[in-house]
Amino acid sequence: MIAAENAPDVPLKPTATDLQRSFMRHLQYTLVKDKYSATTADLYLALAFAVRDMLAERWLDTQQSYYINDAKRVYYISMEFLVGRTLGNSLINLGVMEEWENALMEMGIDLKDIAETEWDAGLGNGGLGRLAACFLDSMATMSLPAYGYGIRYEYGMFYQKIINGAQYEVPDNWLRYEYPWEFGRQEHLHKIRYEGRVEEYRDTDGEQRHTWTDTHDVMALAYDVPVPGYGNQTVNTMRLWSAKSTREFELESFNRGNYVGAVESKMKTENISKVLYPADHMAEGKELRLRQEYFLASATVQDIFYRFAKKHDDLLLLPEKVAIQLNDTHPTLAIPELVRILIDEKRLSWEAAWDISVRTFAYTNHTILPEALEKWPVRMLENILPRHLQIIYRINDHFLKAAATRFPGDSDRLRRLSIVGEDGEKHIRMAHLAIVGSHSINGVSVLHSDILRNSLFRDFFALWPERFNNKTNGITQRRWLKYANPWLSDLISSKIGDGWVTNLEEMRKLRALADDRDFQQQWQEVKRANKQRLADHIYRNNGIQVSADTLFDCQTKRIHEYKRQLLNVLHVITRYNRIKANPGLNIAPRTVIFSGKAAPSYYMAKLIIRLINAVGEVINNDPEAHDLLKVVFLANYNVSLAEIVFPAADLSEQISTAGTEASGTGNMKYALNGALTIGTLDGANIEIMEEVGRDNIFIFGMNAEQVDSLKHAGYRPSDYCRHNPELQQAMDMIAGGSFTPNDPGLFKPIVDSLLVHDSYLLLADYASYVACQDEVDRLYRHPHEWTRRSILNTAGMGKFSSDRTIAEYARDIWDVKPEKVGRHNRRDLA
């Protein structure tokens, strides 16, 4: 213990012998394998355990520093953390990637080969979860006392297979084999209650109180995952909750002889943490989602109280020591849960409890689409969370009375503001609850935040303008450049140093090199090597041969109508028709790459995947298009696949309808890796344009105001089709079965939807999009100019580091400061 206290703050880097000894110790004594019996999976686990050892002491020291210094802590609650693989990220942040590569090479082991064995953690799906993971990385790198709280989904969302062009969902059994990065914390077990009934009584002071009884209970068991900062001693914690049945609940049925019933009830109880995003188009799935959200909220709030109580007994200090950030509306039940504990269990007055709650919570909104804003039926809450419904009603009553004094006689405004929605089935508007219960409400791009203030939540903004602010999203350059693209990372560092790894603004120095022909040549060689790596992956997994000399045009994201993969497909068909009509056409050869999952119950999105694959099947087998156009759909898009695609992309498709994408972060990852963006004036595209320069990005289509004007004027999508022969031809081919001769009517619903509704204005933006793609072709034929703009895109990404975003959260919302981590005696570290 004395030796640990006197050890240097920054330990010396271990030698190859030290690393090899640690690796072999785990192989032999943890896994009980030798060089003859060890599989590749065993080698990965031995390495993971050895790296985990390197994290352990820093992890303990970090938690002890927070405890000793009584630091104010941030609790980031998110239903998703799309962390991807942990091994490579840990090696990068610990600064020992090269040391481990060399140590293992001396043993005849290739680190890259065994790293491929790691399964992506099934803890998220799209941008929301990846943003949360980037934020955890930044908080640790900036030495902020922070915790991520989520659910330990046993099966993730789903593993996507493409069979005969269609998406099929199979379980993502990522925990089938040991997950070496997690630590089960059996001592951190919280009871989560559902259903039951609420009784009123008077306490000894005559105050009316409530008790929630006869509940059905589930236990939340904590699993901790270390989150190392880059180049420092900080290792923060991501705590994930797993549902376990209570002993009493199991044994009651068991002791009555109903053994099957006991097992079934245990399984039903533990379903809460089985799957990310149950099918919520069915009542059972929707109910399970509500149970999941409360499970996360309640376990986390109880855990926060537990940690707070170790140092403090004055609950009025809670907002000074705790900042809770709600990552979208999913964890919003944490607000009534915190109030419930304060008034029902801690016996605080309503006024004190509500004041504490509002000063503790902050809310990030991630969606503009009204249909994506969560609403829970009152009848469902009344059955599953009866006490919380009472508290929500009281919050709403308290709020509407205050609002009425600001806007007397304005009943329409009060109806719009109300947390309780009366249109259709009576429901609770979770975004309204999050706004009313938080001291800060932020959007995630300048445009998005403006829409929140001026449109979506304008009534709340009129009431509390000081609560609204913008925090443009960011990405961690350590994951998305240093780790994902080591060739480009090394090239950049050889020219401007490696300060950009923790200060992305350093990338501005690349601007001076944009016209340097030698540097351009090196840049091109790196890009081509990354493209060849992706081409090899495509051939292995899809059996399609693509040339690394073609333009790699990439759209990789969740499949959704507003993201407009269909617009991309319409251009692909138009491009194909031009090639067919003009043999010998002088056009830049292009490989169009799609990837993304559709929600299992989202019929139109799944049909779009089928269309992409059907179009690809025709084009890829047509000799006339062979050297000029290929279409590829990469199955099961996840972080590990993204790490191959982003470095290889030439063109980044960010083509959502203006005013629908809150921010986007894929746009940032592509641009950081030197891809040029083709996009609308939507989300963070606008800010990327401002940073890289209007000449270095391809902008097309209507802006958000023009979109609104067209919709209000009466949009007639069929008019656009009739007046554009190329568009009409593409639509006729889709509707007429050109891509599915054996099932000619398969894609007619897509065409019917576009011609009648076209909710996201694809046909209105088509001509502008195709013309912009022609500009892409013209520029790509001038490789030096294309490369110059590619360099300038990377150089302009300084603003888009998640380090900058987190610094703004810490300063403007959380009021937390970095904590230097030192060496300490070990105490209670929870």
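Me: Which residue of β4 stands opposite Tyr159?
Reply: Val170 in β4 stands opposite Tyr159. The model is predicted: local features need pLDDT of at least 70, side-chain atom pairs count only at pLDDT 80 or more, and totals for chains, interfaces and linings use all residues.

Me: Why are strands β3 and β4 said to be joined?
Reply: Strands are DSSP runs of E, at least two residues long, and helices are runs of H or I, at least four, both numbered from the N terminus. Two strands pair if DSSP finds at least two bridges between them. β3 (residues 159-163) and β4 (residues 166-170) run antiparallel and have five bridges.

Me: What makes β19 and β22 edge strands?
Reply: The open parallel sheet has six strands, in the order β19-β18-β17-β20-β21-β22. β19 (629-634) and β22 (698-699) each have a single partner strand, so one side of each lacks a neighbour in the sheet. Helix α24 (residues 603-620) packs on this sheet and touches β18 (590-595) and β19. Touching, or contact, means heavy atoms within 4.5 Å. The directions of α24 and β19 make about 145 degrees. Such angles run from 0 to 180 degrees between N-to-C directions, with axes fitted to C-alpha atoms, for helices over the stretch in contact.

Me: Why is Thr680 called buried?
Reply: Buried means under 20% relative accessible area, exposed over 50%, and partly exposed in between, with a 1.4 Å probe and protein chains only. Thr680 has 0%, so it is buried. It lies in the loop between β21 (676-679) and α27 (685-692). Its contacts include Arg564, Gln654, Phe700 and Asp765.

Me: Why does Lys471 count as buried?
Reply: Its relative accessible area is 3%, so it falls under the limit for buried. Lys471 sits in the loop between β16 (468-470) and α20 (477-483). Among the residues that it touches are Asn442, Thr805, Glu808 and Asp812.

Me: Why is α27 described as largely enclosed?
Reply: Six of its eight residues are buried, so the rest of the structure largely encloses α27. The six are Asn685, Glu687, Ile688, Met689, Glu691 and Val692. They pack against elements including α18 (446-456), β20 and α33 (783-795). Just after α27, Gly693 takes a positive phi of about 105 degrees.

Me: What makes β12 and β13 edge strands?
Reply: Three strands form an open antiparallel sheet in the order β12-β14-β13. β12 (375-377) and β13 (420-421) each pair on one side only. β12 and β14 (residues 427-429) are joined by three bridges. Pro377 stands opposite His427 in β14.

Definitions and conventions. Residues are numbered from 1 along each chain as its sequence is written. Side-chain values use heavy atoms; hydrogens and water are left out. Lists of a residue's contacts leave out its neighbours within four places in sequence.
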